[in-house]
Amino acid sequence: PGCLLPVDEHHEIVNELSAFLGDPNVKKVGQNFKHDVCWFLWAGIEVRGFIGDTLIADHLLDELARHGLERLVWDHTDMGPYWRPLEAKLEEIRQADLAALAEVKTALKAAALVKMLANVDALARERVGPTGNAIDMAEKLAKAIWRRIDKLGGEIAAHAHAGTLTDTRLLEERAAFLKECADAVNYERLAWDVLAPYSLKDPDATGRVWREQVPRLEAEGVMDVMREIWAPVTIAFGRKEHNGVVFDMKRRDALLARLLMLQREALAEIRSLPKVREYEQCLAQKEAKVESDPDSPSCGYRYNPSSPAQAAAFFYDFLGLKVTGSDKTTWAKGQKRSTDDDVLEHWADRGIAAAKYTRKLRKVEKFKGTYVDPVPDLIGTDGRVHTNFNLWIVRSGRISSSGPNLLNYPRGDDPEAQEL
């Protein structure tokens, strides 16, 4: 394991790896190998001869344990925390980004103070009023601002005195870039002399762990399960993740337009109800009183049933509804002024039209916001959506998916669900 290959010979690397990984006579194991299969396929490499995954093997032996390679290394090898130097270097890079970000934020603070200096006369007049000495106040304010700038120290204060901190746009862009870098420090920013030892030790650790797992898998009678079921499943789902799912964007846009129409129709149905119109009239009267008081903020008088707070005020305060019956969960939610779907269903079953139509509106909004709106952001550079299939997370053994959870898409009889 762990052959060091020069990165400037990309095609030769791919050819060597393709010959090695594609040879079914060379048996291979990996840790969370489905992820690797997906990346090999991006390089056009098909994997054959795969017989086991240390993560899946640990799941077969102890499904309640944490299956990460670090824990397996501690339990099955004497290699120790070989990943610590790499983690330390990543943290060093992150701290450097944060230090640079702090410096840029200090420069932005200085720029804001410089902007105050440019408006010091207006600030002075505002402080002293029409009868005060604005000139003396302006001098005092300017001295105080310069003291604050000088406390920032270093090159930033020098730039402020030189008048080169007037344009904050570049500073703001720099701050946003540094924050993004600090939040997502990855291996691409590591030097090869740091990354290479780690990349060599990872497959070495996987091999050592597998050799320790084999006797236990055989003793537990699950080695055949690994080789005949989990190994081919790992390759198959790595391929499925790589292939992705095509979304027809024209049909998605048509579905979005239909959902927007249904949303408007449901909202119109709610606002046409006599009780809702009466409630909005009450809100309008309160609004008139608010507008007559200049110290009170305006609240608006259109009822928004999508707002839990406004819906609670309408159902509990205006209509005076309560939750009754034997369903303890629903009753408890009613005590907390909830307007969750089961509470609205409770009222809808008792003939409350507003609850019925609010459920309809929220169903459309949830469907649209959960499944239809996010689609453009989920599509990769190849025009497909690539989910992650989790082979071992669910204890019952079924497969789940995430990022996005395509297995959670509705399959009901609704035309919208069928179109999705």
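Thr387 is buried, with a relative accessible area of 6% (buried means under 20%, with a 1.4 Å probe and protein chains only). The model is predicted: local features need pLDDT of at least 70, side-chain atom pairs count only at pLDDT 80 or more, and totals for chains, interfaces and linings use all residues. Residues are numbered from 1 along each chain as its sequence is written, and side-chain values use heavy atoms, without hydrogens and water.

- Thr387 sits in the loop between β4 (384–385) and β5 (388–390); strands are DSSP runs (E) of at least two residues, numbered from the N terminus.
- Beyond its neighbours within four places in sequence, Thr387 is in contact (heavy atoms within 4.5 Å) with Glu241, Ser401, Ser402, Gly403, Pro404 and Leu406.
- The side chain of Thr387 reaches the backbone oxygen of Pro404 at 2.5 Å.
- A polar atom of the Thr387 side chain also lies 3.1 Å from the backbone oxygen of Ser402.

**The chain as a whole**

- The chain holds 19 helices and six strands, where helices are DSSP runs (H or I) of at least four residues.
- Of its 420 residues, 35% count as buried.
- Among contacts between residues at least 6 apart in sequence, 64% join residues at least 24 apart.
- The C-alpha trace spans about 90 × 75 × 40 Å along its principal axes.

Terms used. Buried < 20%, exposed > 50% of the residue type's maximum accessible area, 1.4 Å probe, protein only. Polar contact = N/O pair within 3.5 Å; in protein donor to acceptor, adjacent residues only side chain to side chain.
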